[in-house]
Amino acid sequence: MLLKGDRTSIVRDMGGFVVRVNMPGWLKPRPTDHGHGPLAMIMESSLDPGRLIAMHEHRNDEIIPWVPFGVMRHDDKTTGRLVTDSKHLLVMNAGRSFWHSEETLSSDPPLRMLQIFVRPRAVDLDPRIQHGPIPLRRPNTWRHLVGPEGGDAPFHIRNTIDLFDIRLEPGARLVFPHMRGRDLYFYVYSGLLFAAGQTFAEGAQGLLLSDRELSLESKTQSTVVAFLIDPHAPITRKGTVGDHRKIPPVILIRTLRKWRQLWKWRRSY
């Protein structure tokens, strides 16, 4: 069964910096975790031109800023200034401690990107950073961007999860990436998809708790990211952001869902 989540209602506006938080684990009927295995969360972040997010620390998060359009300007205490855009990817393996800042210049276009937080296999690993060009995007073709250490992906993270992206033309029909023993999670950055009898608009997400093939049809030009996740991979839940102490406990999420179901039932009579 394909589980669907509509555009998240968890939004934080910090004046020129807006964050929409997506919790993969909350798509399940009875969630036990806000994440799903190594995938802790997906943040859709928007920065106005001329906005600076000052130097701050991350610990025990594997962070992938994915920038399909626009420019994200990065600075850190180790490598200095780097630019992430549609042709370059940045992966921050924070480990025991990593400091960085993000900004857009006043001459830059508005930025809307995804910040992907992955749980590493263990706490306090050595910090490191990866940055470089990525393969050119080909229409209707999945592009493999990130994977586990020792794999074929051009960038690596320290757990069993693979990241793909795609630009779909209207009417395109194909299958999501799939791999034995891996669950599928996907996020529609833009456009409109049809999969397993359901429609997924911009900001929608899907979770398939199975390694079977899943077909899709793109109704409009669409941009999508997809993850293949080992739900049984060893993880640590000590990330500064991915497992922040202020994330609501799952018991609260279950209670809210029951309340909403009761409210809908009472309104139907």
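Arg119 and Asp243 are both buried, where buried denotes under 20% relative accessible area, exposed over 50%, and partly exposed in between (1.4 Å probe, protein chains only). Their side chains meet in a salt bridge of 2.8 Å, N to O; a salt bridge is defined as a side-chain nitrogen of Lys or Arg within 4 Å of a carboxyl oxygen of Asp or Glu. The pair connects distant parts of the chain, with Arg119 in the loop between β11 (111-118) and β12 (128-133) and Asp243 in the loop between β22 (222-229) and α1 (250-267), 124 residues apart. Helices (H or I, at least four residues) and strands (E, at least two) are DSSP runs, numbered from the N terminus.

The model is predicted: local features need pLDDT of at least 70 and side-chain atom pairs count only at pLDDT 80 or more, whereas totals for chains, interfaces and linings use all residues. Residues are numbered from 1 along each chain as its sequence is written, and side-chain values use heavy atoms, with hydrogens and water left out.

By the salt-bridge criterion, the count comes to 20. In general, side chains of opposite charge can pair when their charged atoms come close. One of these salt bridges joins Arg121 to Glu149, with the closest N and O atoms 2.9 Å apart. Arg121 belongs to the loop between β11 and β12, and Glu149 to the loop between β13 (143-148) and β14 (155-157), 28 residues apart. Arg121 counts as partly exposed because its relative accessibility is 40%; Glu149, at 38% relative accessibility, is likewise classed as partly exposed.

Another salt bridge is formed by Arg7 and Glu202, whose closest N and O atoms are 3.9 Å apart. Here Arg7 lies in the loop between β1 and β2 (11-13) and Glu202 in the loop between β19 and β20, a separation of 195 residues. With 32% relative accessibility, Arg7 is partly exposed, and Glu202 is partly exposed at 37%. Both residues belong to a network of salt bridges that links Arg7, Glu44, Arg112 and Glu202.

Across the whole structure, 6 aromatic pairs are found. Rings of Phe, Tyr and Trp (its six-membered ring) pair if their centres lie within 6.5 Å; planes under 30 degrees apart count as stacked, over 60 as edge-to-face and the rest as tilted. Trp66 and Tyr189 form an edge-to-face pair, 5.4 Å centre to centre with 85 degrees between the planes. Trp66 in strand β6 (residues 62-66) and Tyr189 in strand β17 (residues 183-190) are 123 residues apart, and the pair links distant parts of the chain. Trp66 and Tyr189 are each buried. A further edge-to-face pair consists of Phe186 and Phe200, at 5.0 Å centre to centre and 65 degrees between the planes. Phe186 lies in strand β17 and Phe200 in strand β19 (residues 198-201), so this pair ties together parts 14 residues apart in sequence. Phe186 and Phe200 are both buried, and together with Trp142 and Phe176 they form one aromatic cluster.

Strand pairing (at least two DSSP bridges between two strands) places β20 beside two partners. Strand β1 (residues 2-5) pairs with β20 in the antiparallel sense over 4 bridges, and β17 pairs with β20 in the antiparallel sense, also over 4 bridges. Leu207 of β20 is the bridge partner of Leu3 and stands opposite Tyr185. From strand β20 (residues 205-208), Gln205 and Leu207 point one way and Gly206 and Leu208 the other, all of them buried. Strands β18 (residues 192-195) and β19 run antiparallel and are joined by 4 bridges. In their hairpin, which has 2 residues between the strands, Ala196 takes a positive phi near 50 degrees.

Tyr185 is also among the residues with the most contacts inside the largest nonpolar core, which has 25 residues; the others are Leu39, Ile116, Val146 and Phe227. A nonpolar core is a set of buried Ala, Val, Leu, Ile, Met, Phe, Trp, Tyr and Cys residues joined through side-chain atoms within 4.5 Å. A second, separate core of 24 residues includes Trp26, Ala40, Met43 and Ile247.
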